[in-house]
There are 2 protein chains.
Amino acid sequence: MFAKDVYVRRRQTLIDSMKAQGADGIAIFVGNVDSPAQYRDNCYKFRQDSCWLYYFGIDEPRYAAVIDLDGGEETIFADDVDIDDIIWMGPMPSVASVAAGVGVANSAPYGALDDAVARARALGRRVHFLPASRYYNAMKLGSLLGIDPYETFSKGKAGCPAASAEMVRAVVEMRLVKEDIEVEELDRACTLGQQMHTVARQGVVVGVKEQEIVGAMEALTLAKGWGVSFATILTQHGEIFHCHSHENLIEPGKLLVIDAGLETNDHYASDFTRTYPTGGKFTPKQRDIYQIVYECNEHAFDITRPGTAYLDVHLSVARKMLQGLSDLGLVRGDIDGMVEAGIAGLFMPHGLGHNMGMDVHDMEDLGENIVGYGPGQKRSAQLGLGSLRMARPLVPGNVVTDEPGIYFIPDLIKQWKREGTDKGYVNYGKLESYYDFGGIRLEDDVLITTGGARRLGANRLPIAPDDVEAAMAADKA
Amino acid sequence: MFAKDVYVRRRQTLIDSMKAQGADGIAIFVGNVDSPAQYRDNCYKFRQDSCWLYYFGIDEPRYAAVIDLDGGEETIFADDVDIDDIIWMGPMPSVASVAAGVGVANSAPYGALDDAVARARALGRRVHFLPASRYYNAMKLGSLLGIDPYETFSKGKAGCPAASAEMVRAVVEMRLVKEDIEVEELDRACTLGQQMHTVARQGVVVGVKEQEIVGAMEALTLAKGWGVSFATILTQHGEIFHCHSHENLIEPGKLLVIDAGLETNDHYASDFTRTYPTGGKFTPKQRDIYQIVYECNEHAFDITRPGTAYLDVHLSVARKMLQGLSDLGLVRGDIDGMVEAGIAGLFMPHGLGHNMGMDVHDMEDLGENIVGYGPGQKRSAQLGLGSLRMARPLVPGNVVTDEPGIYFIPDLIKQWKREGTDKGYVNYGKLESYYDFGGIRLEDDVLITTGGARRLGANRLPIAPDDVEAAMAADKA
């Protein structure tokens, strides 16, 4: 949690930005409640809503707030504890003192939120809200506003039409550019994330169950931070992007993709990916593909700077990747034509990167297009490029991931062959010997600076193929 | 996951039991979906609904089922994957084959559940459902049945009036008595849970941050199982029952309460508590109280057997505890009178134990009173006894926790003194020197056998005060 004046300043900026867009009425924030894992009182570890944390900082469940845009009055809604609560949860500061601690003068019981919103609606005032991320929040917003709870969720990439466009725009503008105190937290998250990945790499031993490595690496997220910033991907099937099964034993001759991040106690994320040869040495075939992905990762970082659109960085990486695949004979023909035809999407059906901050895909529920696309930028429908979550012209303070990958997805290759999607650019004959290859992804987290860019975290994880092999040899020595 | 015939048999027993109670119509099961942690696509580790797992075994999100009680027809509702899903999640077996794997002949898309229920309702057939534990399930049930989602939640200890009494009763009867294959899983959970606690004990070193110990112990839950069976309690403020803060450093001379459990990959829980002197040696004052709690734990186990009501075990422990506190001069007067007046509740404001199974408080959302109280047993309103979750006459196959504790809660003591709740039994003068004592709880997991009872897990954690000190000395050697 930051100092009180941080939250006071952020809320004032929010109000100013919304009013500059012509907004009036009230803005409501519904913080998260505990989320049941089994029965209702047995909950997952509490994770506060990121927008709530950004503007109010209070990391406790069942808080809400109303900001009056016209009068400037701010009220926090939460319940004080009684003796039963004290027995189970211990003595707690009063809601009034918690609110005062983040510069909010007024407080009221949680149930009074309903009255406050009903009063505003009865007067015909506008009620601004952000899209819901959780079912509870959707139910609460639905009942406050008298609309179907599902209306409060994002409707895919375009965001949530029922939510306040002015409020969303104001929040996105602010959270896209990280403050210095946020960069410090992100550096901390990344340094710990690098330690977490080092523990993982040291655990890569043929015969070990994947789940054992996950346990060892996630231990660090719990000992040093809140936990993982997303569900750990640790798989010998890198071609499956969100493979969360960890049941297999480490087999010789495979590639192990580890995509994992740590969230700090103050809720800032890291997100790194490395791909390891399970036996410690790449086969020549693995090394050829790895070298291309490695060079793409380096190339992306080299051209990432203020004023460059991340869309163009993605496209430049696609070109470099296709050149490498062409050199190996997996594709053939004119590189420009291939980029135009979206051939890179067959091998990398995801975007080069995304914004990162308190959420690992920062602000995703505010609407991917609103967060990641600037005025005049239109999202592509192509496979791969269409999944690019950050396309904007970069400005200092942006934090993005740089995560190129090459995958061989048999079902996808067969579909393209069947449907002629490749327009003749793909050498299917040669590709067949890659059906059991798996996939490779290499990811760093990058801060845009005034002079260019800086990789976050104190110690970059080994990434050059020789360095990876040397590190794995040293791990075993 | 168990063999197909286990699920076929269980569902048949459920149907038979519901029909024997006169139920007709359809019974619906809504499995869990992924639960968002940050934004909607960044979810907590998936945990399936326990009742769904018990009857259908399928550990995947977004499954539902309908059982036709009259015709006996069973249908599973879930969606097959398309090429986008394959890229992100990998190839998956068809829903039809998954359903067949648990003996269900029919399958349909997830959306068809709405039609199936609407059809039954249009025909005036009864629709049986179990109480919801999560907000999504409440929203889904609410929309299927045309009722307020909040109506589908348990309303406190009495359960959920809108849910099917026959279905709840049938499920409770079955899940209260663990099958041999379940006992095997519970033994596995408990053995791993004991390993987890051993790691924790070894980490108890003055100057270490509590969170570091939590990370080390939870590593084992992730490496060997699904994770924790509930949010870990590890605190030097044992008098706060659900203290989930782990920010403090281990201080000398304190008592550290560790209440933590592991859930296996197949979703059976363990739940153990030990209390350690932070420096490795109890002070005489700590040892006096510890000895009472230790003897209560042993006494409870000694008298736990088929035919005895766990309510009577609780009351017998209360008597023993009050005798011990009387010997120390903290209470005074007639023990029978004290038990009657509920004086034990001042020191142990919780019940002796609860049922344990797939849920660590097994089936809590089906209604605590229905699960834990048999015909003719009425729940007390007294502090402590009123929180007893398992009062029933014990039968072989029941699994309960044995977890006496003594706590000194200054706010509660002051309230009793102010309001005269103790009826003169309490020696407040002497109690004052215990305001900074904290609390002690000692918990084992117990299976009721035909001959008596057996503690679950391969290696009971050291519990006698000398054994605890010896183990801590050996840890450091």
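Glu212(A) forms a salt bridge with Lys224(B), in which the closest N and O atoms lie 2.7 Å apart, a salt bridge being a side-chain nitrogen of Lys or Arg within 4 Å of a carboxyl oxygen of Asp or Glu. The count of such bridges between chain B and chain A is two. The model is a predicted one, in which local features need pLDDT of at least 70 and side-chain atom pairs count only at pLDDT 80 or more, while totals for chains, interfaces and linings use all residues. Residues are numbered from 1 along each chain as its sequence is written, chains are lettered from A and ligands numbered from 1 in the order in which they are written, and side-chain values use heavy atoms, with hydrogens and water left out.

Between chain B and chain A there are 31 residue pairs in polar contact, both residues being at pLDDT 80 or more; a polar contact is a pair of N or O atoms within 3.5 Å, where within protein one must be able to donate a hydrogen and the other to accept it, and residues adjacent in sequence count only if both atoms are side-chain atoms. On the side of chain B that touches chain A, at least two residues each are supplied by helix H3 (83–89), helix H6 (135–145), helix H9 (210–224) and helix H15 (410–419) of chain B, helices (H or I, at least four residues) and strands (E, at least two) being DSSP runs numbered from the N terminus. H9(B) gives the largest share of this side, eight residues. The residues of this side of chain B divide into 33 nonpolar, 17 polar and 16 charged, where Ala, Val, Leu, Ile, Met, Phe, Trp, Tyr, Cys and Pro count as nonpolar, Asp, Glu, Lys and Arg as charged, and the others, Gly among them, as polar.

The contact (heavy atoms within 4.5 Å) takes 66 residues from chain B and 66 residues from chain A. Together the two chains bury about 5700 Å², 57% of it on carbon and sulfur atoms; buried area is the accessible area (1.4 Å probe) that two parts lose on being put together, summed over both. Of the area that chain B buries against chain A, Tyr39(B), Arg40(B) and Trp88(B) supply 14%, more than any other three residues.

H9(B) also lies across E7 and E8 of chain B, running at about 150° to E7(B), with axes fitted as lines to C-alpha atoms, for helices over the stretch in contact, and angles running from 0 to 180 degrees between N-to-C directions. These strands belong to an open, antiparallel sheet of three strands in the order E7-E8-E10 (chain B), strands being taken as paired if DSSP finds at least two bridges between them. Strand E7 (233–235) and strand E10 (272–277) of chain B are the edge strands, each pairing on one side only, and neighbouring strands are turned by 10° against each other on average, direction ignored. E7(B) is joined by three bridges to the antiparallel strand E8 (residues 255–260) of chain B, and Leu234(B) has Ile258(B) in E8(B) as its bridge partner. Helix H8 (residues 180–202) of chain B lies across E8 and E10 of chain B, at about 20° to E10(B).

Over all chains, the count comes to 58 salt bridges. One of these joins the side chains of Glu263(A) and Arg47(A) at 2.6 Å, N to O.
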